[in-house]
Amino acid sequence: MPIWLYEIRPLYAGLVLVVFIEMISMVGLLLTRRVIIPRLHYHDGANDAVSGTVQAIGVFYGITVGLIAVGVWNTYSNASDLVSREASSIGALYRDVSGYPEPIRNELGSKLREYTVFVIEKAWPAQRSGQGQLLVGGAKLMDEFQDKLYTFQPANPGQVALHAETLAAYNKLIDYRRLRIDAVDSGLSSTMWAVIWVGAIISIGVAYFFNIPDPKLHAILVALMSGFLAMVLFMIIINDKPFFGYASVTSDPYKLILDRLIDLSR
């Protein structure tokens, strides 16, 4: 899909997609009725044959597109859930380091705040513009946090237990962070998009061969089919790249942790 289609408002993207597919469909119908259909010899059962073909192709294409739409929606939902998990792990880790003695407590807390601000102000805009993989600042901040955390030597059994829990929370945060970064470039492959577009062309193209004397009625039927296909494609596009474009997953969970926990406790 064209990249710019992800970067505009969903309403505009939907209108552009519907208008584009409707125009292509009408042009194809006009050419078919003027060039191809006059060369064909229709009989009484021609419409029944075309109708059966339309239904067969519609069923198989509908199942295919439906499964793709469900898979894309699950990808978007999983990405949103992953963001919430990473933000929650930041909050849990911040609470753990709050139990450390000074000055390491302030140093670790400051690094976590710095990382959270980095995700909100730098990582998220970069992800939405398709440049998320190029940022290395987050990894550097996590490395600095890890270096400080590993230098701490527990002085009593309570600190030993707290340190073990903190290490577990830190490892969980690293796992969620890596999964989010890996999901930044997720999306349908070019092969899947080829199947979607070729299937849409065939599904609409078969409807051109109905023997309908009234061209206006024929155009209305084709327009309804192409409009419905455009809406299904729009739904797939909106959810295809969860971290890219205008309708991407937001950074609100990180902002909530920053405002309600980290800054509130400082």
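This is a predicted model: local features need pLDDT of at least 70, side-chain atom pairs count only at pLDDT 80 or more; totals for chains, interfaces and linings use all residues.
**Reading salt bridges, burial, patches and pockets**

User: What is a salt bridge, and how many does the structure hold?

Analyst: A salt bridge is a side-chain nitrogen of Lys or Arg within 4 Å of a carboxyl oxygen of Asp or Glu. The structure holds eight of them. Helices (H or I, at least four residues) are DSSP runs, numbered from the N terminus.

User: Which residue forms a salt bridge with Lys111?

Analyst: The partner is Glu144, with the closest N and O atoms 2.4 Å apart. Lys111 lies in helix H4 and Glu144 in helix H5, so this pair ties together parts that are 33 residues apart in sequence. Lys111 and Glu144 also belong to a network of salt bridges that includes Glu114.

User: Which residue forms a salt bridge with Asp263?

Analyst: Asp263 pairs with Arg113, the closest N and O atoms being 2.7 Å apart. Because Asp263 is in helix H9 (residues 252-265) and Arg113 in helix H4, the pair ties together parts that are 150 residues apart in sequence.

User: Is Lys111 buried or exposed?

Analyst: The terms rest on relative accessible area: buried means under 20%, exposed over 50%, and partly exposed in between (1.4 Å probe, protein chains only). Lys111 counts as buried because its relative accessibility is 15%. Glu107 is partly exposed at 33%, and Lys148 is partly exposed at 28%.

User: Where is His163 found, and which residues does His163 touch?

Analyst: Contact means heavy atoms within 4.5 Å. His163 is in helix H6 (residues 157-183) and counts as buried because its relative accessibility is 11%. Leaving aside residues up to four places away in sequence, His163 touches Tyr100, Leu149, Phe152 and Pro154.

User: Which residues form a nonpolar patch on the surface?

Analyst: Patches are made of residues with over 30% relative accessible area and no salt bridge; nonpolar side chains (Val, Leu, Ile, Met, Phe, Trp, Tyr) are joined within 5 Å, and like charges within 9 Å. Here the patch consists of Val27, Leu31, Val35, Ile36 and Leu40, with about 410 Å² of accessible area together. Such areas come from the Shrake-Rupley method with a 1.4 Å probe. Val35 is placed in helix H2 (residues 10-36), and at 43% relative accessibility Val35 counts as partly exposed.

User: What is a pocket, and which residues line the largest pocket?

Analyst: On a 1 Å grid over the protein atoms alone, a pocket is an open set of points with protein on both sides within 12 Å along at least five of seven lines, and lining residues have an atom within 4 Å of a point. The largest pocket holds about 230 Å³ of space, a volume being the space filled by probe spheres set on the points. Its lining includes Phe20, Ile24, Trp197, Ile201, Tyr208 and Leu233. H2 and helix H7 (190-207) each supply at least two lining residues, and H7 gives the most, with five.

Terms used:
Residues are numbered from 1 along each chain as its sequence is written. Side-chain values use heavy atoms; hydrogens and water are left out. On a 1 Å grid over the protein atoms alone, a cavity is a set of points where a 1.4 Å probe fits but cannot get out, and a pocket is an open set with protein on both sides within 12 Å along at least five of seven lines; lining residues have an atom within 4 Å of a point.
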